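Open the model in your viewer and keep the sequence beside it. The stops below are given in the order in which to select them.

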Amino acid sequence: MEKYYTAGELAALARVSPRTIRFYDQKNLLTPVGYSEGKYRLYDKNSLIQLQEIVMLKYLGLSLEEISTIMKKEKDIPIRELLWEQKKLLLQKQEQLNQVIRTLDEVAGNCEDRDIELSELSGLIKLVTGNSKAQRSYDVWECFGIRQRDWYPWLFRQLRLQEGESVLDIGAGGGLIWQQSWDKIPANVRIHMVDKFEGGLGYMQSFERQNRGLLEKSVKCSYQQMDANLADFGEGIYDCVIALHMWYYIDDPQAFLGRVKKALKKNGRLCTNFNCQDLVPDLDKLLKGFSQDFSMEAIMERQRKRSMQVELDLKETCSSLTYQIYENELHIDDLDQLYRFLVEKDLMLGEKIQKVGSDFMRYLSDYLRTEGKVVVHSHAKMFTGYF
């Protein structure tokens, strides 16, 4: 006689909570095989196998939507290929963590080699902590952004690179815009990647060595460590200058744009983005459901002013300026990730949340149990400016 398990028994076998079993049932990921006389959900051995697969795929970072697709089309999708893609993502994240470690080592090395000014040390710490925070935000978007996989390919398409062009990538970091469109870089393009820290550049150089065979042979890549706030980028050298995710780090936007203009050839272009993230109103509604004191109106106003200032600086410097918009959504269904994301969204807001930590966690837990996920909307602008 076949053995059946209640939701609680199945949860105990898989080491998850009974609430998780009920949630997966609501999402049509794990449907009961029947019900007891007391109307309790019943599961069998195959249910346990299904649950273990869901848990494994969730651990690997797949969203519930992706898991649902895999479960429905399991026979048609090469699972081995999907697991390999997830392995590459995990290896990438591992390298990004190593990059943060290398960055800290570089800061420590600067302190040992010479007497460092307090203001300079403060700037270095700000950069390191900002990079770490940006990395965690990037991880959230990678895991829960419904259109995130096309983000860097979309940015690449906006560059509109032509054969034979010379490109300067300021703040290149790990070169994700190049890695994710590696085989689409036109012939004879020359790319000079610069960043304040060597860690990301080293990662990109390693990627180039391993994947050189997929690149047009005539494409040339070069790398240089430099501070975008201090460096002279040269004069009349580049057809295209790229500055992605840079505005948080630029001390004097007008001076920076002046040096970019100088580095460009006649009719050269600057391609830069600003993530407007109008997800703030969605989060404002979520937070006010807990307390009216948790308003994000001040954050929205600061964000609006910052966005307007970036666009104003570009308009004042460029002879013509256009932009394209990329819309995305976050579907966050993980309690811990959601809590950390909200805490790190704003310093003052994070302090308020941490003061009522357990109560706020219960509120978020109840919300996810009822709604299944938090949905927030976002859009980013990619500017193309001619000088």
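Select Leu 368 to begin: this residue is buried, with a relative accessible area of 8% (buried means under 20% relative accessible area, exposed over 50%, partly exposed in between, with a 1.4 Å probe and protein chains only). The model is predicted, so local features need pLDDT of at least 70 and side-chain atom pairs count only at pLDDT 80 or more, while totals for chains, interfaces and linings use all residues. Residues are numbered from 1 along each chain as its sequence is written, and side-chain values use heavy atoms, with hydrogens and water left out.

Leu 368 belongs to helix 15 (helices are DSSP runs of H or I with at least four residues, strands are E runs of at least two, numbered from the N terminus). Show what surrounds Leu 368: beyond its neighbours within four places in sequence, its contacts include Phe 23, Ile 332, Leu 335, Leu 338 and Val 374 (contact means heavy atoms within 4.5 Å). From Leu 368 to Leu 338 the C-alpha distance is 9.9 Å, across 30 residues of sequence.

Next, select helix 13 (residues 335-343) with helix 15 (residues 357-371): their axes, lines fitted to C-alpha atoms over the stretch in contact, are 10 Å apart and pack at an angle of about 125°. On the helix 13 side, the contact is made by Leu 335, Asp 336, Leu 338, Tyr 339 and Leu 342; on the helix 15 side, by Gly 357, Phe 360, Met 361, Leu 364, Ser 365 and Leu 368.

Finally, go to Asp 227, in the loop between strand 6 (220-225) and strand 7 (238-243). Asp 227 counts as buried, at 19% relative accessibility. A polar atom of its side chain lies 2.9 Å from the backbone nitrogen of Asn 229.

Conventions. Axes are lines fitted to C-alpha atoms, for helices over the stretch in contact, and angles run from 0 to 180 degrees between N-to-C directions. A polar contact is a pair of N or O atoms within 3.5 Å; within protein, one must be able to donate a hydrogen and the other to accept it, and residues adjacent in sequence count only if both atoms are side-chain atoms.
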